[in-house]
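Have the model at hand and follow along with me.

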Amino acid sequence: MVMAQRQQNKKTRLSARDWADAALAAIREGGLAAVAVEPLAARLGTTKGSFYWHFGNREALIEAALARWIEADTEEIIAAVETEPDPQQRLRRLFTKVTKPAVADPTELSLLASIDHPQVAAALRQVTERRIGYLAGLFTELGFAEDEARRRGLMAYSFYLGHTQLGHAVPSVLPSTEGFLTYLEATMDALLRPKS
């Protein structure tokens with residue numbers, strides 16, 4: 001009886017963030033369709049009642065999961081590279097930090113596959129604008145005019161998305177671990193080259 005009560009107390013201590021993280025893991029593993037209350041409750045070792053304590057419906061959970069994705073995969077990464085004072089080194093650090101993990105983590109591609117869902121579309125728009133804006137800001141700091149900085153930010157982000165897509169669809173075309181740094185340096189050199 002005491003063990004059952006401890007388990008029940010443990011179950012009731014789940015936070016909205018626990019649920020959001022579980023929903024994000026479900027999206028990573030099975031796409032947006034995998035966000036379902038009963039399987040998530042089983043995964044978390046709790047009941048649907050815990051879900052309804054934190055969320056009114058599935059859409060609210062999806063919103064929370066998307067907010068966690070935005071926080072972890074955009075804002076926390078930007079905050080981590082912002083500690084570097086030199087904008088060129090920040091850019092290199094950013095690409096080193098995001099390109100390899102993006103190939104291993106299908107979350108972004110799972111979300112892109114669900115672009116017709118209004119909440120996902122809004123989150124992707126927010127993330128894309130934030131990321132391109134951040135990149136454009138780095139190119140502005142490097143001395144590029146505003147229009148050119150925006151173009152280069154878009155090119156840099158396109159590189160990231162293309163790299164991510166290839167890493168999932170046709171990983172054999174990407175450079176090996178040994179050649180990855182050379183590949184990344186060549187990309188950075190192309191992005192940083194002044195207009196002739």
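Which helices do the buried residues of α9 pack against? I looked, and they pack against α6, α7 (107-112), α8 (118-141) and α10 (177-192), with contact meaning heavy atoms within 4.5 Å.

A note on the source: this is a predicted model, where local features need pLDDT of at least 70, side-chain atom pairs count only at pLDDT 80 or more, and totals for chains, interfaces and linings use all residues. Residues are numbered from 1 along each chain as its sequence is written, and side-chain values use heavy atoms, leaving out hydrogens and water.

Next I checked the span of α9. Its 24 residues reach 34 Å from first C-alpha to last, close to the 34 Å expected at 1.5 Å a residue (1.5 Å times one less than the number of residues). Helices here are DSSP runs of H or I with at least four residues, numbered from the N terminus.

Then I listed buried residues (under 20% relative accessible area; exposed is over 50%, partly exposed in between, with a 1.4 Å probe and protein chains only). In α9 they include Ala 149, Ala 156, Phe 159 and His 163. Leu 166 also lies in α9, but I found this residue partly exposed, with a relative accessible area of 35%.

Last, I turned to the rings. I found eight aromatic pairs (ring centres of Phe, Tyr or Trp, its six-membered ring, within 6.5 Å; planes under 30 degrees apart are stacked, over 60 edge-to-face, the rest tilted). Phe 95 and Phe 159 make a tilted pair, 5.5 Å centre to centre with 40° between the planes. Phe 95 is in α6 (residues 87-104) and Phe 159 in α9 (residues 146-169), 64 residues apart. Both are buried.

Methods: Helices (H or I, at least four residues) and strands (E, at least two) are DSSP runs, numbered from the N terminus.
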